[in-house]
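User: I have a structure open and would like to go through a few parts of it. Can we start with a single residue?
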Amino acid sequence: MRPLTHAAHKKFVQTEGWTQQRSARGKTGDHFRYSLALADGRMLFTRVSHGSGSINDPAIIAIIFREQLEVSEGAFWACVEKGTLPPRPAPQTEAPQGERLDYKLVRNLMGKVGLNEVEVGSLSREEALRRWTEYLEGGGS
């Protein structure tokens with residue numbers, strides 16, 4: 001497996017049209033954070049280091065491809081080197097109703113509250129905020 005340079009990772013997300021996330025103050029922290037809304041209603045998230053180095057551990061690279069980017073190594077490099085967009089799920093026949101949930105809210109519901117993608121995807125904005133508030137009022141545990 002080839003090393004994953006930060007430049008190649010960033011080029012991939014920019015080529016595919018991922019959205020860069022920023023804090024309320026407009027800062028990015030130590031990593032660029034990106035999200036991609038898939039046509040099937042799921043949301044992908046990845047972080048790209050600000051540095052100019054690379055990730056050389058094949059196990060970590062495989063996790064990034066599989067869990068964050070949801071692409072094969074071949075599809076990743078085809079996108080970076082040729083601009084070929086990776087295959088993604090077909091759009092739903094009906095557009096999801098309601099507002100999209102904020103990136104941080106989704107991350108917190110999944111990472112801290114313990115909901116999975118399907119559960120978070122089924123929540124309205126009001127329900128998601130209620131679940132997060134209940135979690136915080138319960139002492140965050």
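User: Is Lys104 exposed, partly exposed or buried?
Analyst: Lys104 is partly exposed, because its relative accessible area is 38%, and buried means under 20%, exposed over 50%, partly exposed in between (1.4 Å probe, protein chains only). This is a predicted model: local features need pLDDT of at least 70, side-chain atom pairs count only at pLDDT 80 or more, and totals for chains, interfaces and linings use all residues. Residues are numbered from 1 along each chain as its sequence is written, and side-chain values use heavy atoms, leaving out hydrogens and water.
User: Where is Lys104 found?
Analyst: In helix α4, residues 103-113. Helices (H or I, at least four residues) and strands (E, at least two) are DSSP runs, numbered from the N terminus.
User: What reaches the backbone nitrogen of Lys104 at the start of α4?
Analyst: A side-chain oxygen of Asp102, to within 3.1 Å.
User: And which residues of α4 are buried?
Analyst: Tyr103, Leu105, Val106, Asn108 and Leu109. Their cover includes β2, β3, β4, α5 and α6, where contact means heavy atoms within 4.5 Å.
User: Changing topic, at what angle do α1 and α3 pack?
Analyst: About 80°, with the axes 9 Å apart. Axes are lines fitted to C-alpha atoms, for helices over the stretch in contact, and angles run from 0 to 180 degrees between N-to-C directions. So α1 is roughly perpendicular to α3, a term for 65 to 115 degrees.
User: Which residues make the contact?
Analyst: Ala8, His9, Lys11, Phe12 and Thr15 of α1 meet Phe76, Trp77, Cys79 and Val80 of α3.

Terms used
Angles under 35 degrees count as roughly parallel, over 145 as roughly antiparallel, 65 to 115 as roughly perpendicular and the rest as oblique. A polar contact is a pair of N or O atoms within 3.5 Å; within protein, one must be able to donate a hydrogen and the other to accept it, and residues adjacent in sequence count only if both atoms are side-chain atoms.
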